[in-house]
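Hi,

Here is the two-chain model I promised to pass on. Have a look at it first, and my notes follow below.

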Amino acid sequence: MAQVIHPEPASSQTPQAGAQVIARHVSRRFTTQTGSVDACIDVNLTVDPGQFVVIVGPSGCGKSTFLRMVAGLDSPTGGELLVTQQDGSPASNAMVFHGRTLFPWLTIRDNIAYGLRLSGMSRSGRRNRAEELLDLVGLSRFGDAWPHQLSEGMRQRVSIARALAMDPTLLLMDEPFGALDEQTRFILQEELLRIWEKSGKTVLFVTHSIDEALILADKIVIMSAHPGTIREVIDVPFPRPRSLTDVRSDPQFAELFTTTWTTLRDEVESGGAFRG
Amino acid sequence: MMRKRRTELLLTIMGPLIVLLIWEALSRTETIDPLFWPAPTSLWDTTVELFTEKDLLGDIGISLYRILLGFVLGTIPGIVIGLAMGLFWPVRAALMPIASAIYAVPKIAILPLVIIAFGIGELSKIMIVAISIFFLVALNTMSGVLSIDNQFRDVARNLGASKWELFWTVALPGSLPAIFTGMRLSLGFALIVIVGAEFLAADKGIGFMIWQSYQTLRIKQMFVGLVITGIMGWALTLVVDALERIIVPWRADDA
């Protein structure tokens, strides 16, 4: 009953335009010894090619579960999830996880080239591509360093570079900036925008920060908790290319913040009551 | 910072030196019986004699040979079984009770059993070392595999890793630091066990030399044996540390 077209593992073939994500009545039920929990119920969502979509929601609303399903790391227990290229073929994806996910046993360069090595790219090809990406995220001097020698912000840049190295048509980001201090977060948000605006990739980004959602998104998807489902979709009209300061000084920013927070607050509060 | 380093180094050298000096003084003044507590400086002649006129080098060599061969024979299967226990829960469920039970037994206690199984010769000495450290390495390796963050597996799968690639690029390197911890502990164990085994059932080796010296009341000779044992332990640790720096550079770098 659950039909899934799995996204292929990201490959480094010819660059493609952004992928398309279509979720129809997607559910994910986790069954444990003590009963079952619905992490996602009846999630319906369309992400157009090249779009930047941000999912916000209270913790436990199933946003990460949904992202893992889109990544192919987990499967829906109901509904249909399609991750495809424009011609209908399965699309490649790469995910940027939250937390410390650089392999401690690989240098920064080898971390970035990890997926390329798996895909069988030659040593010199890998090296060139890694240098390109190190350059892109401003870490050219740190190729030979170990992850533990870098700051949290630098490590997260490397995580992004590692995902981008695969040249995926769909970039999935699970609270990638959650552990960073505010200033570093601002800088990385702007860098992400700069990289994405040139790339034409589709991005599905999960966060719990409304600020972050408004700065980055074309479309904000608000999820509710218990069970996790989509509550509302808000279009974000700020023009591109964007900068943090432009968005924040836009009079619509306050208005959209209020709309989003009002919806979200109900969810957080009712979620709290449910969990009691 | 530099200043603290220097002070630390000074204290590291001074600490043992002061203990030795006190010992020297007590022995020279015959406050303690120099027959049983010979002054440290008086050991030098004995040492030279042992190296030149007796076969101390041979004793050291045979003990090192037993330790190293036993170490290899215990470590390699230990790593393999430990990885299997970490990766596959049925293996873990089946072997854990046996491993925990045998792990707790003082290894020298099974020496008679090992002699029954492998004879009184070299093999039983090598096997007692191998068996002693096998469980230590296996259990450390297993906990190393189990401690690898699940997120690393997700990252690797997302970037296209097959099961086999997951093993080579995540499980194995991720458990290497724990494997080395097991190996370092093992060397200490190996030394304890081999000295014990040589006390009881050998006609050569550093343990045999210490025991024989005691039995014939050549106390100075016995002290030299003890010092040599200490140096051997220290040198073996240095070897593992050097290996670790080469094989686990991301961790050695930390320390």
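Predicted model: local features only at pLDDT ≥ 70, side-chain atom pairs only at ≥ 80, totals over all residues.

Residues are numbered from 1 along each chain as its sequence is written, with chains lettered from A and ligands numbered from 1 in the order in which they are written.

Back to the pair. Helix H4 (residues 89-104) of chain B packs against H6(B) at about 135°, and their axes are 10 Å apart. The axes are lines fitted to C-alpha atoms over the stretch in contact, with angles from 0 to 180 degrees between N-to-C directions. H4(B) and H6(B) are therefore oblique to each other (under 35 degrees is roughly parallel, over 145 roughly antiparallel, 65 to 115 roughly perpendicular, the rest oblique). From H4(B), the contact uses B:Arg92, B:Ala99, B:Ile102 and B:Tyr103, while H6(B) brings B:Phe135, B:Ala138, B:Leu139 and B:Met142. Contact here is C-beta atoms, placed from the backbone, within 7 Å. By class that gives 7 nonpolar, no polar and 1 charged residues (nonpolar is Ala, Val, Leu, Ile, Met, Phe, Trp, Tyr, Cys and Pro; charged is Asp, Glu, Lys and Arg; the others, Gly among them, are polar).

As for chain B overall, it has 11 helices and 0 strands, taken as DSSP runs (H or I, at least four residues; E, at least two) numbered from the N terminus. Its C-alpha atoms fill a box of roughly 75 × 60 × 30 Å along the principal axes. Of its 255 residues, 36% are buried, i.e. 20 or more other C-beta atoms lie within 10 Å of their own, C-beta atoms being placed from the backbone (12 or fewer is exposed, in between partly exposed).

Which residues touch the most other members of the largest nonpolar core? They are A:Val70, A:Leu204, B:Val129 and B:Ala190, in a core of 129 residues. The largest share, 15 residues, comes from helix H6 (residues 122-146) of chain B. Such a core is a set of buried Ala, Val, Leu, Ile, Met, Phe, Trp, Tyr and Cys residues joined through C-beta atoms within 7 Å.

Finally, the contact between the chains takes 19 residues from chain A and 15 residues from chain B. H3(A) gives the most on the chain A side, with 3 residues.

Cheers

Conventions. Contact = placed C-beta atoms within 7 Å.
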